[in-house]
Amino acid sequence: MNLGLILHTFLGLLLLAIPAGALYLLERKMLKSFCVAVVRMVVQLLLLCLVVWVLIWVDSPWLLLAWLFVMAVISGWIVLKRCRLKGNTTMISVVAGLFTGVLFVGLWLLAFVFPVRVFDARWFVPVMALLLGHATAMLIRGLNTYVIALRFDREQYEYLRGNGLSHLKALLPFMRRSLLAVISPTTANLSVMGLTSMPLLLVGILIGGFSPINAFVLMLHMTIGTVAVSVLSLAVTLFLADRLSGRHSFF
């Protein structure tokens, strides 16, 4: 690390004096929490960069798949924690749903849409990480809605079963709510992505040397991929949870 990089990093961190100063003047109780959050963010980014550096340096397909699986396990733990669920079979279902959905959509994008060398770490890591992050957030919404609907409307399930419907058909109303919980916010956010989150991705793509038109196409494909992976991960998770945990595991 040269002296210039240290100086520029210090100058960049000086911008934190603006929010820190505002908190010091108006809400000092939040200042400590803000500083802790900043330090945690810096450490996490540093660790992430080290991991990515190792993945690029080794450039092994097996190591990339292992990294994706570990990230899926961590994301699965987050999903269970947010949805207040427990159980090894539920954890397996969530991790399998995330891993399968992200791997399928990611490989489809890398192999057929872009296309690039599939297991090139410089492409594999950012594409899979973006898909996994979105799939995790949407799975929390969808799975939480599904569980709450089953627990509070158990009578509806029993009524449908009593009228001769199969187990799968009796679950369709609850699956519909879960799907809407994933699709509705995604649809609402698509219209404002161009003004909020997507500009950050655009900046990164342009800095990477892409032309504006290629950056547009790349962002379009990634946006479509995030919508597809959220639905696929939810479908696989619900299917496996129903098969592995038993038909009444969420009641």
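The model is predicted: local features need pLDDT of at least 70, side-chain atom pairs count only at pLDDT 80 or more, and totals for chains, interfaces and linings use all residues. Residues are numbered from 1 along each chain as its sequence is written, and side-chain values use heavy atoms, with hydrogens and water left out. The protein chain has 10 helices and zero strands. Of its 251 residues, 31% count as buried.

**Overall fold**

- Read from the N terminus on, the elements of the protein chain run α-α-α-α-α-α-α-α-α-α.
- Helices (H or I, at least four residues) and strands (E, at least two) are DSSP runs, numbered from the N terminus.
- Buried means under 20% relative accessible area, exposed means over 50%, and partly exposed lies in between (1.4 Å probe, protein chains only).

**The largest nonpolar core**

- A nonpolar core is a set of buried Ala, Val, Leu, Ile, Met, Phe, Trp, Tyr and Cys residues joined through side-chain atoms within 4.5 Å.
- The largest one holds 46 residues, and Val 79, Leu 98, Val 102, Met 128, Leu 131 and Leu 143 touch the most other members.
- H4, H5, H6, helix H8 (167-190) and helix H10 (212-245) each supply at least two residues of this core.
- H6 gives the largest share of this core, 16 residues.
- Leu 143 sits in helix H6 (residues 121-152).
- Leu 143 counts as buried, at 1% relative accessibility.
- Leu 143 and Leu 85 are 58 residues apart in sequence, and their C-alpha atoms are 9.8 Å apart in space.
- In soluble globular proteins, nonpolar side chains tend to be buried together.

**The second largest pocket**

- On a 1 Å grid over the protein atoms alone, a pocket is an open set of points where a 1.4 Å probe fits, with protein on both sides within 12 Å along at least five of seven lines; lining residues have an atom within 4 Å of a point.
- The second largest pocket has about 360 Å³ of space.
- That volume is the space filled by probe spheres set on the points, with grid points joined across faces, edges and corners.
- Its lining is made of Met 41, Gln 44, Leu 45, Leu 47, Leu 48, Val 51, Trp 67, Val 70, Met 71 and Ile 74.
- Helix H3 (29-58) and helix H4 (61-83) each supply at least two residues of this lining.
- H3 provides the largest share of the lining, six residues.
- By class, nine lining residues are nonpolar, one is polar and none is charged.
- Here Ala, Val, Leu, Ile, Met, Phe, Trp, Tyr, Cys and Pro count as nonpolar, Asp, Glu, Lys and Arg as charged, and the others, Gly among them, as polar.

**Aromatic rings**

- Rings of Phe, Tyr and Trp (its six-membered ring) pair if their centres lie within 6.5 Å; planes under 30 degrees apart count as stacked, over 60 as edge-to-face and the rest as tilted.
- By this rule there are seven aromatic pairs.
- The rings of Phe 114 and Trp 123 have centres 5.4 Å apart and planes at 45°, so this pair is tilted.
- Trp 123 is partly exposed, with a relative accessible area of 23%.
- One aromatic cluster is formed by Trp 67, Phe 119 and Phe 124.
- Trp 67 is also one of the residues that line the second largest pocket.

**Cysteines**

- The structure holds zero disulfides, a disulfide being a pair of cysteine sulfur atoms within 2.5 Å.
- Cys 35 is partly exposed, with a relative accessible area of 38%.
- Cys 83 is buried, with a relative accessible area of 5%.

**Loop residues with positive phi**

- Asp 59 is found in the loop between H3 and H4.
- Phi of Asp 59 is near 55°, a positive value in a residue other than glycine.
- Asp 59 is partly exposed, at 32% relative accessible area.
- Arg 84 lies in the loop between H4 and H5.
- Phi of Arg 84 is near 60°, again a positive value in a residue other than glycine.
- Arg 84 counts as exposed, at 75% relative accessibility.

- Ile 92 lies in helix H5 (residues 88-113) and is partly exposed, at 49% relative accessibility.
- Ile 92 and Val 73 are 19 residues apart in sequence and 8.7 Å apart in space, C-alpha to C-alpha.
- Val 52 lies in helix H3 and is partly exposed, with a relative accessible area of 23%.
- Val 52 and Leu 64 are 12 residues apart in sequence and 9.8 Å apart in space, C-alpha to C-alpha.
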